[in-house]
Amino acid sequence: MDKVNNPSLLIQYLNYHQLDSVFSQETQKKMTLHRIVKGETLCTRGDTLNHMYFLVKGKIKIYTISPEGKTRIVRFKKPIAIIGDIEFIKKNKVIYTVEAASDGYLIGVSYEQIRNKEENRVTFVKFLLEIMTHKFFTESQTSSLNILYSVEVRLASYLLSISSDEEGSLFHQEMRTSNLTELADLIGTSYRHLNRVIQKLDEEGVIERRKGAIYVTNLNLLRERAEGNIYE
């Protein structure tokens with residue numbers, strides 16, 4: 001992530017997401033704005049963080065890696081999502097790998113600043129408690145429900161999650177044929193089963209597979225198949 005020297009944009013995002021009412025003026029002056037790029041790894045399981053980051057624009061993908069090296073999607077998150085809150089509270093290393101699912105911005109603030117100026121402020125503690133409660137609930141729900149949903153729902157949800165208003169319905173690198181084994185791992189299925197589902201959605205006019213890539217041809221049908229999008 002690249003640091004952006006744009007105080008007015010930083011203040012704009014603080015105000016828009018009402019973070020100006022959560023943090024003291026002193027801490028707001030210590031915050032930094034960072035630009036993230038789609039596909040960029042923001043932190044990896046086992047890393048040590050010394051900052052808390054707030055997603056104020058864009059989308060992030062959160063996933064875990066098994067001892068066998070297989071990846072499994074945990075969730076996609078939009079603003080306002082926090083990276084490093086659990087690590088701050090428990091003082092442990094990063095639990096999940098986080099990747100930018102689109103271009104966007106993060107606001108960062110050091111753990112040291114939070115401990116010195118915010119840790120005992122009621123507004124911050126209440127805000128952090130609400131965020132973490134929601135996070136634990138949604139992630140536990142996702143983990144338990146993913147197994148119950150069909151591969152078709154999981155694939156449709158994933159395709160929906162990696163789309164964006166700016167990009168329309170075209171999927172590039174992540175949906176190239178060469179990456180389907182990785183995608184099968186991410187949504188918890190086999191390569192063969194995934195191929196069968198892709199062929200079915202192709203035949204039904206939801207997606208189209210051509211030139212080594214997958215295109216969404218009917219976004220409304222895709223939303224129906226995603227059943228509300230289990231990953232968001």
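This is a predicted model: local features need pLDDT of at least 70, side-chain atom pairs count only at pLDDT 80 or more; totals for chains, interfaces and linings use all residues.
**Entry 1, glutamate 204.** I then looked for its partners: lysine 200 forms a salt bridge with glutamate 204, with the closest N and O atoms 3.0 Å apart, and arginine 225 meets glutamate 204 in a salt bridge at 2.6 Å, N to O. Arginine 225 sits in helix α9 (residues 219–226), whereas glutamate 204 is in the loop between α8 (191–203) and β10 (207–210), so this pair ties together parts that are 21 residues apart in sequence. Lysine 200 is itself partly exposed, at 34%.

The structure holds eight salt bridges, and I checked the one between the side chains of glutamate 118 and arginine 121, where N to O is 2.7 Å. Glutamate 118 has 0% relative accessibility and therefore counts as buried, while arginine 121, at 28%, is partly exposed.

My search of the whole structure returned one cavity of 30 Å³ or more, and I noted a volume of about 170 Å³ for the largest cavity. Its lining comprises 16 residues, with Ile82, Glu87, Tyr96, Val98 and Lys135 nearest the centre. By class I wrote down 10 nonpolar, one polar and five charged lining residues. Helix α3 gives the most to this lining, with three residues.

How values were computed: Residues are numbered from 1 along each chain as its sequence is written. Side-chain values use heavy atoms; hydrogens and water are left out. On a 1 Å grid over the protein atoms alone, a cavity is a set of points where a 1.4 Å probe fits but cannot get out, and a pocket is an open set with protein on both sides within 12 Å along at least five of seven lines; lining residues have an atom within 4 Å of a point. Grid points are joined across faces, edges and corners, and a volume is the space filled by probe spheres set on the points. Helices (H or I, at least four residues) and strands (E, at least two) are DSSP runs, numbered from the N terminus. Ala, Val, Leu, Ile, Met, Phe, Trp, Tyr, Cys and Pro count as nonpolar, Asp, Glu, Lys and Arg as charged, and the others, Gly among them, as polar. A salt bridge is a side-chain nitrogen of Lys or Arg within 4 Å of a carboxyl oxygen of Asp or Glu. Buried means under 20% relative accessible area, exposed over 50%, partly exposed in between (1.4 Å probe, protein chains only).
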